[in-house]
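Hello,

Here is the structure for you to look at. My notes on it follow below.

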Amino acid sequence: MRPMSKHVGKHGFTLLEMSVVLIVFGLISSLLVTPLAMRSEASRRHTAEDMLDDITEALIGFALIHGRLPCPSIETNPTSTAYGLEQSPPCSLNVPGYLPWRTLGLPAHDPWGSPRTSANQPWTGHWRYRPDKNFVDGTISLSTLPSGLIQIKDHDGNLISTSDSRVVAVIFSTGPNLRADGLNAAYSPASPILEAGEPTPGFDDLLRWIGHPLFIARLARSGRL
C-alpha cells in the first residue's frame, strides 16, 4: 500500500478574519487621516495669520505714501478694470467693502478662498475690509481721531476696543466655513460692530484690527506726521 502523502494546508482568510482585518485597517487609517487633516487646517490658519500681518503692513505703507488709508474695493465685476482697486475717494461705506488687493499688490483671498470669474459669484474667502471714515477722507494728522463708530467685541459681547485703542481699520477672513460668523455676519453702515476671538464650533473668522495708537506711532516714527 502506497503511503499517504502529506499535504501542507494552504488556507485562505475566512470572512470573519477578513472583516477583522478591514476593521483594524479602517481604524488605523482614520487615526492617520484625522491628525493629517488637523495639521493641514492648522497650517492654513497659520498662513492666514501671516497674510493678515502682510495686509496690516501694506495698509500702513499705503498711508505712509498717500497720507490716508485706501478706500475699500466695491466693484463686483471681475472683468471691470476697477476690480480689486480701491474705490475713488471720497469712500462710500454704505455697502460691504473688500480689501483693494490690486491697489496694495496682495492676494485677493485667504487660504480657503478662490478667484471670482463673474459678477454673480459669491466672494468666496475674499478679505473683508472696513476703514474708519476719518482715515480715508483727507490727509491724516496727529490730531486725526477715529470716529469711534467701529467696535470690536468678544464672543461674550464684551468690548475689546476701548476709547484708548479706537479702531482705524478692520480686516477679516471668513475662515474655513467661508461665511462671516457671529456679529461679522451683519453689515451696518452707521454703527459697525464686529466680533473677534478664538475659533469655536460656530465661529471660525480671523479678524485683525489696527488701533489708533499703533497706527499713529508707525506714521510718526516714519516721519509722515
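**Aromatic cluster**

Tyr 83 and Trp 123 are both buried (under 20% relative accessible area with a 1.4 Å probe, protein chains only; over 50% is exposed, and partly exposed lies in between). This is a predicted model, in which local features need pLDDT of at least 70 and side-chain atom pairs count only at pLDDT 80 or more, while totals for chains, interfaces and linings use all residues. Residues are numbered from 1 along each chain as its sequence is written, and side-chain values use heavy atoms, with hydrogens and water left out.

Rings of Phe, Tyr and Trp (its six-membered ring) pair if their centres lie within 6.5 Å; planes under 30 degrees apart are stacked, over 60 edge-to-face, and the rest tilted. The count by this rule is 4 aromatic pairs. In one of them, the ring centres of Tyr 83 and Trp 101 are 5.1 Å apart and the planes stand at 85°, so this pair is edge-to-face. Tyr 83 is in the loop between α1 (15-66) and α2 (101-104) and Trp 101 is in helix α2, 18 residues apart. Helices (H or I, at least four residues) and strands (E, at least two) are DSSP runs, numbered from the N terminus. Trp 101 is buried, as is Tyr 83.

The rings of Tyr 83 and Trp 123 have centres 5.9 Å apart and planes at 35°, so that pair is tilted. Trp 123 lies in the loop between α2 and β1, and Tyr 83 in the loop between α1 and α2, so the pair ties together parts 40 residues apart in sequence. Tyr 83, Tyr 98, Trp 101 and Trp 123 make up one aromatic cluster. The charged end of Arg 116 sits over the ring of Trp 123, 4.0 Å from its centre (the rule: NZ of Lys or CZ of Arg within 6 Å of the ring centre and within 35 degrees of the ring normal).

**Helix α3**

Which residues of helix α3 (residues 212-221) are buried? They are His 212, Phe 215, Ile 216, Arg 218 and Leu 219. These cover an arc of only 160° around the axis, which puts them on the same side of α3; the arc is that of the directions from the helix axis to the C-beta atoms. Just after α3, Gly 223 has a positive phi of about 85°.

Regards
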